[in-house]
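This report describes a structure for a reader who is new to the subject. Please keep the sequence and the model in view while reading.

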Amino acid sequence: MRKVLVALALTALGGFTGGPATAREGIEALARTCNNCHGIGGVSVGNSMPSIGGLPVEYLRTVMKQWKYDERSAITMNRVVKGFSDDELDALAAYFAKQPWKPSPQRVSPEVLAKGKSAVSEKCEDCHGITGSDPDVGVPKINGQWAKYMELELEKYRSGEFKMPHRKMKKAAQEAKPAEAPAAARYYGAQNR
Amino acid sequence: MHTFDRRSFLKTVSAAAGASLLCVPQARATTAKARVVVVGGGYGGATAARYLRLLDPGIDVTLIERGTRYTSCPLSNEVISGERDIKTLQSGYGGLSGRGVKVVHDEVTRIDPASKSVATASGEAYAYDALILSPGVDFNFSAVQGLTQELADTRIPHAWKAGPQTLLLKKQLESLPDGGRFIIAVPPGPFRCPPGPYERAAQVAMYCKHHGKKKAKILILDSNDTFSKKPLFEEAWKALYGYGEGGMIEWVSGANGGKVESVDPGTMTCQTTFDQHKGDVVNIIPPHRAGKIAIDAGLANFKGVWCSVKPENMESTAHKDIYVIGDSCVGGEVATGNAFPKSAHMANSQAKVVAASLVAKLNGLPPPKPIYTNACYSVVGHEWGFSVVHLFRVENNQWVYIKEGSGISPVTFGTPKAPKPVPRIYRKMEAEYADGWLRNLLADSFA
């Protein structure tokens, strides 16, 4: 019994060859290599690195494949994902999608909050929801996502220097006034649920 | 530092592991299934201890480390330039204790592979079923004539172990006269943090540029003929500080006589193969070798200075049940020039491989399939950073460097015939990513 239990724990964080749960076990080992930058269970503690646990499987799968096949620009992740097979990326997406979403709500001034909310209700709410916790199907939750990370992503959308295939997101980001994008990011970053 | 209390951390970990982790029987002192001793509480040792307990709380884990507070080498060049408070790079060992790791602050003086025990300076002995050694590097001061440990602690710091020497070098930089010269001497590879000396040159130049020392010179005297992320550094040096003739930063390769053979501490003069160079600040990074304890234990069987280990689980090829991780080991595709870089991230990755392998072995389960990854960010100016990533797999009991999943940040855009510079926003993003990476790496090792 104990062996079985430990094997289960191992599959949660480790990885194996052989045995009945080969596929699953291999994936767990791969997932552990993500912890260095995205935290255990995909809960990041660094504000420029996104939390990824609990994001929709189709979102995770799509962005990783797009990076791999140079359909979407990244700076670090596009290099990282090229070392993994499509099956591995699919399994990683499934693994992180199964983790619970853990918001890391960040403090923000009432002024920025108000400004952010107004920008959000005009440009973001349609897909992401008013607090970011109840988005459309396939759209990532962003309540309590790191504001710094979201600001940087918005800059990527706005700069025109990155291949960003999501047209609706690109349009919304580019239409925002310069102060609106960071305010929206901080507003969502402040949300708990 | 972002606070992350233990309760929320445990919740996270349980979440990561699913319900299964909670089912693992809790450790009872009398029923520990194995004793693992970890020597060295840097990134490698801390991660190994942490993941052993995460994967199987039934294992008795003792971590022996001299210091009570660890200072991260990654991003410590930012402390020298005043861009970062050294406290943001530090961690205690409370996180590991909280996970049931027995943290002992002592120094291991002897390893006995035959009786499987280690002895410490305070006279204690610890028996082990498995020993994980992560002692970092030692410096071979005598390789540079005139250099001593005492000089490094007082006047010619290497600052290649983050801590007091980092702060000493920072002080020296602050008193550098405008028009003064800051010498960085780079040892022959392999050395810890391959891009580190060149990032340091940039950080020093940034400090000088913004603190009324625009006429200062940073002279890199290198024992080697090339270096990590070279085109990225050269682009940044040129754009930000001036590089080469008339610029703030000058690099002398080994082939051009960059290797420092000796130093005269009286006149602060470095003697290289062809020349003498006098510096106002002299930062000599001495040649490295495996930590003394690893060499003393007869584990340094690679060129007499590094520890050879097995690709599948990092076990020493010299002694059974001893695993050597971090900067002391040698791994990767050495023959093709794609050895494991000596980095914090790499040590963390190796530690996870050992932890998973040991837990499987101790529970009679089949060996896990290892995977090794590295990421390393360098910050060279305000809003200017870049990175390198590595991926290694193990096939037929050999390390295989996975080129497709490795490499440095883009150097140019456009086509080879019509290259275009990479937009600055790419460098800005990676300067921001560096801090997020550091925070997560520290947490993944010490929390």
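A residue is called buried when its relative accessible area is under 20%, exposed when that area is over 50%, and partly exposed in between, using a 1.4 Å probe and protein chains only. Helices (H or I, at least four residues) and strands (E, at least two) are DSSP runs, numbered from the N terminus.

The model is predicted: local features need pLDDT of at least 70, side-chain atom pairs count only at pLDDT 80 or more, and totals for chains, interfaces and linings use all residues. Residues are numbered from 1 along each chain as its sequence is written, chains are lettered from A and ligands numbered from 1 in the order in which they are written, and side-chain values use heavy atoms, with hydrogens and water left out.

**Confidence**

The predictor's confidence in each residue is its pLDDT, from 0 to 100. Chain B has a mean pLDDT of 93, and 93% of its residues reach 70 or more. Over residues 1–30 of chain B, however, the pLDDT is below 50. Where pLDDT is low, the predicted coordinates should not be read in detail. The model scores ipTM 0.91 and pTM 0.92.

**Chain A**

Chain A has eleven helices and zero strands. Of its 193 residues, 55% are buried.

**Strands of chain B**

Strand β2 (residues 59–64) of chain B is largely enclosed by the rest of the structure, because six of its six residues are buried. In a regular strand the side chains alternate between the two faces of the sheet. From β2(B), Ile59(B), Val61(B) and Leu63(B) point one way, while Asp60(B), Thr62(B) and Ile64(B) point the other way.

Two strands pair if DSSP finds at least two bridges between them.

| Strands | Sense | Bridges |
|---|---|---|
| β1(B) (residues 34–39) and β2(B) | parallel | six |
| β6(B) and β7(B) (residues 117–120) | antiparallel | four |

In β7(B), Thr120(B) is the bridge partner of Val108(B). An open sheet of three strands in chain B has the order β6-β7-β8, with antiparallel pairing. Its edge strands, β6 (108–112) and β8 (125–127) of chain B, each pair on one side only.

**Nonpolar cores**

A nonpolar core is a set of buried Ala, Val, Leu, Ile, Met, Phe, Trp, Tyr and Cys residues joined through side-chain atoms within 4.5 Å. The largest has 159 residues, and those with the most contacts inside it are Ile111(B), Ile132(B), Leu133(B), Trp237(B) and Ile284(B). Apart from this core lies another, of 23 residues, including Trp67(A), Val81(A), Tyr95(A) and Leu391(B). Trp237(B) is also one of the buried residues of helix α9 (residues 230–240) of chain B. After α9(B) comes Gly242(B), whose phi is positive, near 85°.

**Glu430(B)**

Is Glu430(B) buried or exposed? Glu430(B) is buried, because its relative accessible area is 0%. This residue lies in helix α12 (residues 424–446) of chain B. Contact means heavy atoms within 4.5 Å. Not counting residues up to four places away in sequence, Glu430(B) touches residues including Ile75(A), Thr76(A), Arg79(A) and Tyr377(B). A polar contact is a pair of N or O atoms within 3.5 Å; within protein, one must be able to donate a hydrogen and the other to accept it, and residues adjacent in sequence count only if both atoms are side-chain atoms. The side chains of Glu430(B) and Ser387(B) form a polar contact of 2.7 Å.
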